[in-house]
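Subject: Structure handover

Hi,

Here is the structure I promised to pass on to you. My notes on the helix packing and the pocket follow below it.

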Amino acid sequence: MSSPGEWVKSGDRSHPNLKLIDEVLRHRSTYPGHEDDLQKLESYHFSGDKFYFEQTLHKIRESQNISTGKRSHDRMVKLDALRKTLSYDGHKKDCKKAEKEHVNNVHDYDFNRMIEGMKRKQAMYIGDRTHEHLQFLD
């Protein structure tokens, strides 16, 4: 990535996406790697790639929130509540993976699958075999 000083600075930057980058995100983002993420966001705007623009915008916002201790997103609240109940070997690593999934993906599906997997691992760890798949095996 080129440095922020090499970004497109001239021309009409009145589009709401560019104003968001210039007037808000560039001033508020401080997490490690934010410069590269902002440049990617700008690049996705110019290429017209709405999907990756939204994904990257989510990543920037949530990376900044997490880096400053703000964990109010529904998925982070869910993960933090679950984290308090976990004790199986590897649960801290799984929580980090779920956090990374949250930051990198605006959609819930994979994050929720990870949460359900962590719940199953904890149940197995404490000897709870009430899950329907385990009852079928027993």
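In this predicted model, helix α1 passes helix α3 in a left-handed crossing. The angle between α1 (residues 16–28) and α3 is about 20°, and their axes are 12 Å apart. Angles under 35 degrees count as roughly parallel, so α1 is roughly parallel to α3. On the α1 side, the contact is made by Asn17, Leu20, Leu25 and Arg28, which meet Phe53, Leu57, Ile60, Arg61 and Gln64 of α3. Sorted by class, the contact of α1 with α3 has 5 nonpolar, 2 polar and 2 charged residues.

Next, the pairing of α2 with α3. These two helices pack at an angle of about 160°, with axes 9 Å apart. Since angles over 145 degrees count as roughly antiparallel, α2 and α3 are therefore roughly antiparallel to each other. The crossing of α2 past α3 is left-handed. From α2, Asp37, Leu38, Lys40, Leu41, Tyr44 and His45 take part in the contact, and from α3 Tyr52, Phe53, Thr56, Leu57, Lys59 and Ile60 do. That contact of α2 with α3 divides into 7 nonpolar, 2 polar and 3 charged residues.

Then there is the pair α5 and α6. Helix α5 (residues 91–104) packs against helix α6 (residues 109–125) at about 165°, and their axes are 9 Å apart. By the cut-off for antiparallel pairs, over 145 degrees, α5 and α6 are therefore roughly antiparallel. Here, α5 passes α6 in a left-handed crossing. Asp94, Cys95, Lys97, Ala98, Glu101 and His102 of α5 are in contact with Asp110, Phe111, Met114, Met118 and Lys121 of α6. In class terms, the contact of α5 with α6 has 5 nonpolar, 1 polar and 5 charged residues.

How much space lies in the largest pocket? The largest pocket holds about 150 Å³. Its lining is made up of Asp37, Lys40, Tyr44, Tyr52, Gln55, Thr56, Lys59, Val103 and Asn104. The elements that give two or more residues to this lining are α2 (34–47), α3 (50–67) and α5. Which of them gives the largest share? That is α3, with 4 residues. By class, the lining of the largest pocket has 3 nonpolar, 3 polar and 3 charged residues.

Happy to talk any of this through.

Best wishes

Technical notes: Residues are numbered from 1 along each chain as its sequence is written. This is a predicted model: local features need pLDDT of at least 70, side-chain atom pairs count only at pLDDT 80 or more; totals for chains, interfaces and linings use all residues. Side-chain values use heavy atoms; hydrogens and water are left out. Axes are lines fitted to C-alpha atoms, for helices over the stretch in contact, and angles run from 0 to 180 degrees between N-to-C directions. Angles under 35 degrees count as roughly parallel, over 145 as roughly antiparallel, 65 to 115 as roughly perpendicular and the rest as oblique. A crossing is left-handed if the near helix is turned anticlockwise from the far one by less than a right angle, and right-handed if clockwise. Contact means heavy atoms within 4.5 Å. Ala, Val, Leu, Ile, Met, Phe, Trp, Tyr, Cys and Pro count as nonpolar, Asp, Glu, Lys and Arg as charged, and the others, Gly among them, as polar. On a 1 Å grid over the protein atoms alone, a cavity is a set of points where a 1.4 Å probe fits but cannot get out, and a pocket is an open set with protein on both sides within 12 Å along at least five of seven lines; lining residues have an atom within 4 Å of a point. Grid points are joined across faces, edges and corners, and a volume is the space filled by probe spheres set on the points.
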